[in-house]
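Hi,

Here is the structure I said I would pass on. Have a look at it first, and then read my notes below.

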Amino acid sequence: MEQIYTIPVNEAFDAAAAGEQDGCPICALYRKLEENELDLILGASMMEPAIRIRTNQEGFCHGHYTKMIGRQNRLSLALMLESHLDSVKEMLADPALGAAGEKNVRRARELEGSCYLCGRIDASLSRMIETVVHLFAHDPAFPGKLEAQPRFCLPHFRALCETGRTKLGKKAYLPYYRAVKGVMERYLDKLRGDVSWFCKKFDYRYDAEPWYDAKDSIERAVAFLSATDAKAKEGKKKA
Ligand SMILES: [Zn+2]
Ligand SMILES: [Zn+2]
């Protein structure tokens, strides 16, 4: 089993259970992996020929281009873009790709759907999610830790369940699923109540009432539904 991921997974679940880190623990793991990959690609990896070949082949998604622009290493990014643009130019000029460009249009579509960083982050995150499932089944302390999570976002609920179903037998999957679903239901009830109160606050009859936890409920609902927690700033505490 993926022993190397046991420590980061336990750390993320401990921090979220203790309220030290707001939100979905899988989103927190994603943010850590992403930070690490951004450091690598704008640092040591950028000049490596083998990696350059892959970034030319896979490109980056809009979100990761934006994050790279936001970092202070414009020269690394420019050098990578220079060779990426060359590879696009070669693709257009390649006579083997069909006179009417059928193949290079298909190639452009492939490029739109791929991202070197997303690929690397998703591969590591998948192994971390497998570690969650493994720990639930084999570490007696882990089920309680999982049940104490403040929330899982909907996309990571899906990933946790799909991985659990593949990795665990039917009998072992059921208590795992119940624990994950329990976290979801608890948070969903609270979130639904907060959004509902947010709507009520627009009614003049509720003017004098306090906001309770409703003020950031829109942002929290979007984060819950779309895993945008993963993109939030690490360690940022919500009011
Ligand atoms: Zn998440
Ligand atoms: Zn990406």
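How are α9 and α10 oriented to each other, roughly parallel or roughly antiparallel? This is a predicted model, where local features need pLDDT of at least 70, side-chain atom pairs count only at pLDDT 80 or more, and totals for chains, interfaces and linings use all residues. Residues are numbered from 1 along each chain as its sequence is written, while chains are lettered from A and ligands numbered from 1 in the order in which they are written.

Back to the two helices. Helix α9 covers residues 154–167 and helix α10 covers residues 170–200; they pack at an angle of about 175°, and their axes are 10 Å apart. (Axes are lines fitted to C-alpha atoms, for helices over the stretch in contact, and angles run from 0 to 180 degrees between N-to-C directions.) α9 and α10 are therefore roughly antiparallel to each other, a label given to angles over 145 degrees, with under 35 counting as roughly parallel, 65 to 115 as roughly perpendicular and the rest as oblique. On the α9 side, the contact is made by Phe157, Leu160, Cys161, Gly164 and Arg165, and on the α10 side by Tyr173, Tyr176, Tyr177, Val180 and Met184. Two residues are in contact if their C-beta atoms, placed from the backbone, lie within 7 Å. Sorted by class, this contact has 8 nonpolar, 1 polar and 1 charged residues. (Ala, Val, Leu, Ile, Met, Phe, Trp, Tyr, Cys and Pro count as nonpolar, Asp, Glu, Lys and Arg as charged, and the others, Gly among them, as polar.)

Now the chain as a whole. The chain has 11 helices and 0 strands; these are DSSP runs numbered from the N terminus, H or I of at least four residues for helices and E of at least two for strands. Its C-alpha atoms fill a box of roughly 65 × 50 × 35 Å along the principal axes. Of contacts between residues at least 6 apart in sequence, 74% join residues at least 24 apart.

On confidence, the mean pLDDT is 91, and 93% of residues reach 70 or more; pLDDT is the predictor's confidence in each residue, from 0 to 100. Helix α8 (residues 142–147) has the highest mean, 98, and helix α6 (residues 102–112) the lowest, 87. Over residues 233–239 the pLDDT is below 50, and this stretch has 7 contacts in the model beyond near neighbours in sequence.

What about the inside? Buried residues make up 26% of the 239 residues. Ile129 touches Ile26, Ala159, Leu160 and Thr163, leaving out residues up to four places away in sequence.

Tyr212 sits in the loop between α10 and α11 and has a positive phi of about 50° although it is not a glycine. Tyr212 is exposed, with 12 other C-beta atoms within 10 Å.

Cheers

Technical notes: Buried ≥ 20, exposed ≤ 12 C-beta atoms within 10 Å, placed from the backbone.
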